[in-house]
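Below are my notes on the model, as numbered points. Please read them alongside the sequence and the coordinates.

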Amino acid sequence: MRGGSLPTHERRWASDGVPAKTTLSSTTSPGTESNSAEEFVEVTLDLQDDDTIILRSVEPATVINVDDGADTPASASASASRSPTIKRSSSNRLRQFSQELKAEAVAKAKQFSQELKAELRKFSWGHGHASQAITGFDSALAARALRKQRAQLDRTRSGAQKALRGLRFISNNKANAWEEVENNFNKLAKDGFLFRSDFAQCIGMKDSKEFALEMFDALSRRRRLKVEKISKEELYEYWSQITDQSFDSRLQIFFDMVDKNEDGRITEAEVKEIIMLSASANKLSRLKEQAEEYAALIMEELDPERLGYIELWQLETLLLQKDTYLSYSQALSHTSQALSQNLQGLRKKSRIRRMSSKLLYYLEENWKRIWVLSLWIMIMIGLFTWKFFQYKQKSAFQVMGYCLLTAKGAAETLKFNMALILLPVCRNTITWLRSTKLGLFLPFDDNINFHKTIAAAIVIGVILHAGNHLACDFPRLINSSTYDKFLSHDFGSHKPTYIDLVKGAEGVTGILMVICMAIAFTLATKWFRRNLIKLPKPFDRITGFNAFWYSHHLFVIVYVLLIIHGVFLYLVHIWYRKTTWMYLAVPVLLYAGERTLRFFRSGFYAVRLLKVAIYPGGVLTLQMSKPPQFRYKSGQYMFVQCSAVSPFEWHPFSITSAPGDDYLSVHIRQLGDWTQELKRLFSEVCEPPVAGKSGLLRADETTKKSLPKLLIDGPYGAPAQDYRKYDVLLLVGLGIGATPFISILKDLLNNIVKMEEQADSVSDTSRTSDLSIGSNDSSTGNRVSPKRKKTLKTTNAYFYWVTREQGSFDWFKGVMNEVAEIDQRGVIEMHNYLTSVYEEGDARSALITMVQALNLAKNGVDIVSGTRVRTHFARPKWKNVLSKLSSKHCNARIGVFYCGAPVLAKELSKLCYEFNQKGSTKFEFHKEHF
């Protein structure tokens, strides 16, 4: 009952059946006057928050402490006797007093009960149902009292400590935290007072201003004040309460934030308000829309008696027991003992042994890269040395000196590198080679890195070659006094000027090549390619992926100029000694063949768009028909072209459909100018989804407007396609970086289904074979049994998806629900992490965690992602993740596949190295390159 439904009593008596909140034990006298012969009894009363007095017991007093200087006769008598005990009273007097006191209590209780019944008759459903209402109300109170007693008994010290970690108002409570708050006060205070509007910024909760203001108001209500500003002393008092290490204190603050009318009870409306406040602090817009539904869920769980309110102890119970509501499988069993043993083994190693083990591990992890780079460097050294000594024998050396030798040695390495740089970008060839045994010896995953390394060597070669010619060789030649003796047969009888040398075929082609290379190299750097440099219009057009893409095609001109440059040599006159074309012939033909193949294959792979969806976060999903000849592996990618955006641009995207699906799908996030234009184009033909469909906008074959035409090319190899060779998979995706792994999860799921179907088929076949009669029939039955396919090596997969936006979970909601539904054996374990929500344990996300646990237990759906997979808050602790995997899968080979920001790639790679040093579990790290 709430508000004015009942009359207010200054002091009420209640029956013994209502549980107590506060117990008052006192020693009192049975009479108004006392002497030394009189004896004492101990009366136990319970004083409740609603002014109810409960008589618990009346027992003879056994011990009394006497205060010096007391004025009462009893204390004087006790002081005189100095006896530590008091004589027991006669049983008759004690029984008489007890009966009188209890009779008075019962009379008061009857009086209150009659008043209550009268009020219930007045405001109830009618006189005919009055007795039923009273009986129902009494039983509801009794049921709640029983639950409260059980909750108090169930509260353990370990549970309270766990809950204490789960209700923090300040995430990073440093030792000098108050000093920082005090400094903020000095900056923000006006006339020595801090205004309410600045409270959040002062205590370091600027990002959660609404939550901080509610906390400010709750702390002010405790002081019976409603203030708009506080002094530094009052701020310190507030801060002390916020950072109090007592769980009860923190819980009371949280309760007071919800209980704005200070009646000790929380209604459904107040629960809804605090849910909306928590959702706002954690940037969960969808949760705010469903706050009413989740408030009703909490009331249903905590108020089964339907009294219409919950109390402090019920909120405490929910917080203490929220983990028991979670029906999902916990992350991983962690054997800390095994880890500590590994760490102990590492500590025993000497410094020399540690260094040697690091060296051995480095060689083991990078031997493919090392031998390829070593071979490449040795070839360049050999070519440089060969040309260096070859030109030392020429007469031109007598005039131009070592500048000529350096320029010609660098030129030979340039010819080699200009040919080699094309091979890493022959994607079809590499995709085919990586499936052969060469994949065991060559690091095909590093093809783009090798391409960049060769480009750096070309820059050095150009500087050495062009620099020595322009700054050293040519000046020496035109100033030479021995020109006719050593150089006339190469440059002609007339000594050329500097301008003659520069404007010749060799000089012009060389300078043009340097200019084209400088443009292409500059726009290929990450500062320009990723728009890290912001230029004013119209110069902003030279940044971004488009500028990189088009400038790279200047190399067509460069290769033409290079061949011309290699023909018109000053010091070489025999054609077969002009070797530039020999270096370039095979790589250029191979690359040209690849581009021709892509051109014809893209036209052959005509696709029809089946479904288009635009999701929150600027993600466009394209589902298209699968060409019959298009065969791919999970983890691979393909190129997509939309002529309506640009007829020349092709962009790579990971394939998110599984090889067993009858369609192809990609997820494209709006990042650059091409993707922005593509999303805008599809937005114009899409429509709002019908009920039950996900996405902000959708379109399919039935859409009235015609969909843009697409061309595809691929598939192409990627590191993730080799996932099948590992016992265990750890798939880590950041944001849109989850796309390569969605196809792997689907493929694993399809394999699980096939294996179960195969097992059922074998079981049915063997059952039929057992029922057959005769050896001939039996052998026939064995012949028609299905052939067993090769068993999948991968036993477990752990998928960690970290994202900043709640709407991101819509991208792959169907896949996650399908995995949760079909994978009954727990082969795939999925973990979603939302970094916009404060970490588990923060008071700002405490209620969200409670609602999440309740809804997952009741309905099997996570309130954040809308899937059957529980969403964790903040970022994963990667060291703990790898530690648990190492302990759970001893002696296993774990493939760690990552796609996302480079910063986390370094951390994961380092952790893999550390754990490989500690135990028998081996982690192999792979990173996607875009």
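1. In this predicted model, Asp810 is buried, with a relative accessible area of 7%. Buried means under 20% relative accessible area, exposed over 50%, and partly exposed in between (1.4 Å probe, protein chains only). Its partner Lys813 forms a salt bridge with Asp810, the closest N and O atoms being 3.4 Å apart. Lys813 is partly exposed at 25%. A salt bridge here is a side-chain nitrogen of Lys or Arg within 4 Å of a carboxyl oxygen of Asp or Glu.

2. The model being predicted, local features need pLDDT of at least 70 and side-chain atom pairs count only at pLDDT 80 or more, while totals for chains, interfaces and linings use all residues.

3. The salt-bridge rule gives a count of 16. One of these links Lys272 and Glu292, with an N to O distance of 3.9 Å. Lys272 lies in helix H10 (residues 268-281) and Glu292 in helix H12 (residues 291-302), so this pair ties together parts that are 20 residues apart in sequence. Helices (H or I, at least four residues) and strands (E, at least two) are DSSP runs, numbered from the N terminus. Lys272 is partly exposed, with a relative accessible area of 30%, whereas Glu292 is exposed at 53%.

4. What separates the closest N and O atoms of Arg680 and Glu677? The distance in this salt bridge is 2.5 Å. Both residues lie in helix H29 (residues 673-685), three residues apart, about one turn of the helix. Arg680 counts as partly exposed at 37% relative accessibility, and Glu677 is partly exposed at 29%. In general, side chains of opposite charge can pair when their charged atoms come close.

5. Lys392 belongs to helix H16 (residues 351-392) and is partly exposed at 29% relative accessibility. Leaving aside residues up to four places away in sequence, Lys392 touches Phe397, Tyr402 and Leu405; contact means heavy atoms within 4.5 Å. From C-alpha to C-alpha, Lys392 and Tyr402 are 8.1 Å apart in space, and they are ten residues apart in sequence.

6. Which residues form a positive surface patch? They are Lys452, Lys526, Arg530, Lys906 and Lys927. Patches are made of residues with over 30% relative accessible area and no salt bridge; like charges are joined within 9 Å, and nonpolar side chains (Val, Leu, Ile, Met, Phe, Trp, Tyr) within 5 Å. Lys and Arg count as positive and Asp and Glu as negative, with His and the chain ends not counted.

7. Of its 930 residues, 46% count as buried. The chain exposes about 49,100 Å², of which carbon and sulfur atoms supply 56%; the areas come from the Shrake-Rupley method with a 1.4 Å probe. Among contacts with a separation of 6 or more, 72% are between residues 24 or more positions apart.

How values were computed. Residues are numbered from 1 along each chain as its sequence is written. Side-chain values use heavy atoms; hydrogens and water are left out. The place of a charge is taken as NZ of Lys, CZ of Arg, CG of Asp or CD of Glu.
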